[in-house]
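I opened this structure to look up its aromatic rings. My notes follow.

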Amino acid sequence: MKAAIISDIHSNLEALLVVLKDIKKRRLKSIFCLGDLIGYGANPNECIDLCMKESKVIVAGNHDWAAIDKTDVATFNPVAAEAIRWTKENMKKEGGSKLKGLELRQTVGALHLVHATPAEPEKWRYLFSLEEYEKEFSAFKEQICFIGHSHIPAAIYRDDNGYCDLVRDNPFPIVAKRRYIVNVGSVGQPRDLDPRASYVIYDGNNDSIEIIRLDYNIPLAQQKIVMGGLPDVLADRLLAGR
Ligand SMILES: [Fe+2]
């Protein structure tokens with residue numbers, strides 16, 4: 001099986017369209033989406049519709065749940081909370097109904113799919129350090145867990161002696177005696193100081209994984225955020241990639 005794994009689209013239609021075009025060009029038939037379809041950007045309805053249409057599997061992100069009152073927006077920073085209020089005002093009713101159907105985790109063969117962490121997905125914890133990643137390996141039994149949430153792409157492996165480290169190559173081979181947690185980064189709001197959209201290709205036929213980065217029309221996405229009345233800082237951060 002070959003699949004594209006996307007996450008954290010955050011209502012950024014310009015970034016999503018570029019990613020979907022690249023996936024199509026590579027003839028990848030399966031897309032798995034790790035949530036946060038909405039929040040921050042100006043096109044929630046278009047992003048919900050496209051993700052739902054194109055993805056074989058979608059799990060819920062914290063912004064998806066906040067927009068349908070399943071996660072308390074009081075846990076969000078003020079700008080993120082303002083973006084959720086804006087999204088609720090601008091999201092069509094059908095969009096909210098579609099988000100209600102999303103579950104916290106899914107498995108597809110050897111793949112575990114979750115937005116935040118496999119151990120406690122409903123707590124929306126962030127994984128940044130190697131130590132934080134390491135603790136999560138006992139929380140899933142599949143060989144590979146794909147996550148999003150931090151908007152920072154990374155791949156961490158654990159071998160059968162329990163040794164854990166960062167994978168430094170890209171693309172990289174899937175080694176039989178290793179298990180992996182792969183953060184696919186963010187389509188619509190990257191935060192690793194690289195503003196390009198991020199997604200991952202899983203190639204189960206050739207046992208490899210690749211993190212893909214793509215340029216997209218950032219000025220247009222920024223313009224829509226400002227003109228739509230969302231906080232300006234959400235436009236600024238797209239260019240900064242943080
Ligand atoms: Fe997110």
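**Rings and their partners**

I began with charges over rings. R178 lies over the face of Y157, and I read 3.8 Å from the ring centre. I then looked up R179. That residue lies over the face of F140, at 4.4 Å from the ring centre. I note here that the model is predicted.

Next I turned to ring pairs. How many aromatic pairs does the structure hold? I find 6 aromatic pairs. I looked up W65 and W124 among them. Their ring centres are 5.8 Å apart and their planes stand at 85°, so I log the pair as edge-to-face. An angle over 60 degrees is what edge-to-face requires.

Where do W65 and W124 lie? I place W65 in helix α3, residues 62-67. W124 is in the loop between β5 (111-114) and α6 (130-134). The two are 59 residues apart in sequence, so this pair ties together separate parts of the chain. Are W65 and W124 buried or exposed? Both are buried.

I moved on to F146 and Y202. They form an edge-to-face aromatic pair, with 6.2 Å centre to centre and 75° between the planes. I traced F146 to strand β6, residues 144-147. Y202 belongs to strand β11, residues 197-203. The pair therefore ties together parts that are 56 residues apart in sequence.

I checked burial here too. Y202 comes out at 10% relative accessibility. Buried means under 20%, so Y202 counts as buried.

Technical notes:
Residues are numbered from 1 along each chain as its sequence is written. This is a predicted model: local features need pLDDT of at least 70, side-chain atom pairs count only at pLDDT 80 or more; totals for chains, interfaces and linings use all residues. Side-chain values use heavy atoms; hydrogens and water are left out. Rings of Phe, Tyr and Trp (its six-membered ring) pair if their centres lie within 6.5 Å; planes under 30 degrees apart count as stacked, over 60 as edge-to-face and the rest as tilted. Helices (H or I, at least four residues) and strands (E, at least two) are DSSP runs, numbered from the N terminus. Buried means under 20% relative accessible area, exposed over 50%, partly exposed in between (1.4 Å probe, protein chains only). A charge sits over a ring if NZ of Lys or CZ of Arg is within 6 Å of the ring centre and within 35 degrees of the ring normal.
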